[in-house]
Amino acid sequence: MRTFLLIHLVLLATTVPQGLSQVHSLDEWDVHDPDRPQPTMVTPGDLISSPAPSDAIVLFDGTHFNEWTHTNEDSVQWQVINNYMEVVPGSGHIQTTRSFGDVQLHIEWATPNSGTGQDSGNSGVYLMSTYEVQVLNSYNNPTYPDGQAASLYGQYPPLVNASRPPLEWQAYDIVFRRPHFEEDGQLKSPARVTVFHNGVLVQDNVILTGPTDHKSRPPYRAHEERLPILLQDHNEPTRFRNIWIRDLEHHSN
Ligand code: MG
């Protein structure tokens with residue numbers, strides 16, 4: 001028994017990625033646990049619609065879908081209206097034509113004023129088409145905390161709820177560091193995400209447990225070093241505007 005324990009401990013010490021404590025803290029909470037504490041509401045300041053800096057790639061400037069396709073590579077069926085894009089429910093997810101790994105992403109969004117729970121303006125920003133920052137109306141619209149706006153869906157509720165009401169524009173500023181894999185597909189280091197919601201820090205360099213899923217937290221599966229950014233069609237006419245991205249591949253401290 002003692003030998004077994006020792007081996008187990010050595011294995012843990014050699015295979016568990018950095019940030020073990022944060023990964024472990026998730027063990028307290030089941031996926032979508034309704035008893036997880038609701039993040040405190042914080043009223044954000046006025047929206048600052050940050051223009052793209054000179055080294056950013058503008059993914060959407062309000063006029064066209066040149067940087068986007070549907071995931072089946074069809075041309076985009078979502079609509080452009082008054083400088084924003086709007087999900088056409090049922091038309092499918094869209095993704096960038098370019099692929100990215102480490103990024104800084106700015107994106108503005110607004111939900112419709114309809115529905116409740118997970119059916120109120122649900123969409124999502126998927127880093128590497130795989131890791132979702134949830135988009136949802138979370139203004140007086142309770143749901144399971146790891147599925148509300150600015151959650152890392154199924155894993156981390158936001159530190160606070162900085163939501164604006166439906167129809168008002170909101171912003172995410174996201175810093176994403178991709179996972180790294182060994183040549184044999186084993187996880188070398190997990191993905192990390194920082195999110196500001198309407199200028200308020202809501203995810204502080206959290207360590208993702210693996211890909212986003214519904215009602216489960218699957219382990220990492222090795223994937224390419226660069227993959228598209230994906231926006232989710234969850235059957236509701238959610239809007240996006242002013243989307244730009246900075247490639248951080250050659251920027252690290
Ligand atoms: Mg979603």
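Biologist: Which residue of strand E14 is the bridge partner of Ile94?

Modeller: The bridge partner of Ile94 in E14 is Leu231. This is a predicted model, in which local features need pLDDT of at least 70 and side-chain atom pairs pLDDT 80 or more, while totals for chains, interfaces and linings use all residues. Residues are numbered from 1 along each chain as its sequence is written, and side-chain values use heavy atoms, without hydrogens and water.

Biologist: Why are E5 and E14 said to pair?

Modeller: Two strands pair if DSSP finds at least two bridges between them. Strands themselves are DSSP runs of at least two residues, labelled E, whereas helices (H or I) need at least four; both are numbered from the N terminus.

Biologist: What is the strand order of the open sheet of five strands?

Modeller: The order is E2-E5-E14-E7-E8, with antiparallel pairing. Strand E2 (68-70) and E8 each have a single partner strand, so they are the edges, and one side of each lacks a neighbour in the sheet. In general, strands of a sheet pair through backbone hydrogen bonds, parallel or antiparallel.

Biologist: What joins E7 to its partners E8 and E14?

Modeller: Five bridges join E7 to E8, and two bridges join E7 to E14; both pairings are antiparallel. For example, Gly124 is bridged to Gln134 in E8, and Tyr126 to Leu230 in E14.

Biologist: Why is E7 called largely enclosed?

Modeller: Buried means under 20% relative accessible area, exposed means over 50%, and partly exposed lies in between (1.4 Å probe, protein chains only). Five of the five residues of E7 are buried, so the rest of the structure largely encloses E7. On one side these are Ser123, Val125 and Leu127, and on the other Gly124 and Tyr126.

Biologist: What makes Asn122 a donor of the magnesium ion?

Modeller: Donors are N, O and S atoms within 2.8 Å of the metal (3.2 Å for Na, K and Ca); water is not among the atoms, so sites may look incomplete. The OD1 atom of Asn122 is one of the protein donors, which lie 2.2 to 2.3 Å from the ion; the others are Ser123 (O), Glu132 (OE), Gln134 (OE1) and Gln232 (OE1). Asn122 lies in the loop between E6 and E7, and Glu132 in E8, ten residues apart.

Biologist: Are these two residues, Asn122 and Glu132, buried or exposed?

Modeller: Asn122 has a relative accessibility of 2% and therefore counts as buried. Glu132, at 3%, is buried by the same cut-off.

Biologist: How do you know that Arg239 forms a salt bridge with Glu86?

Modeller: A salt bridge is a side-chain nitrogen of Lys or Arg within 4 Å of a carboxyl oxygen of Asp or Glu. The closest N and O atoms of Arg239 and Glu86 are 2.8 Å apart, so the pair qualifies. Arg239 lies in strand E15 and Glu86 in strand E4, 153 residues apart. Arg239 is partly exposed at 24%, whereas Glu86 is buried at 12%.

Biologist: Why does the pair of Arg217 and Asp146 count as a salt bridge?

Modeller: The closest N and O atoms of Arg217 and Asp146 are 3.9 Å apart, so the pair falls within the limit already given. Arg217 is partly exposed at 27%, while Asp146 is buried at 0%. Together with Arg36, these residues are linked in a network of salt bridges.
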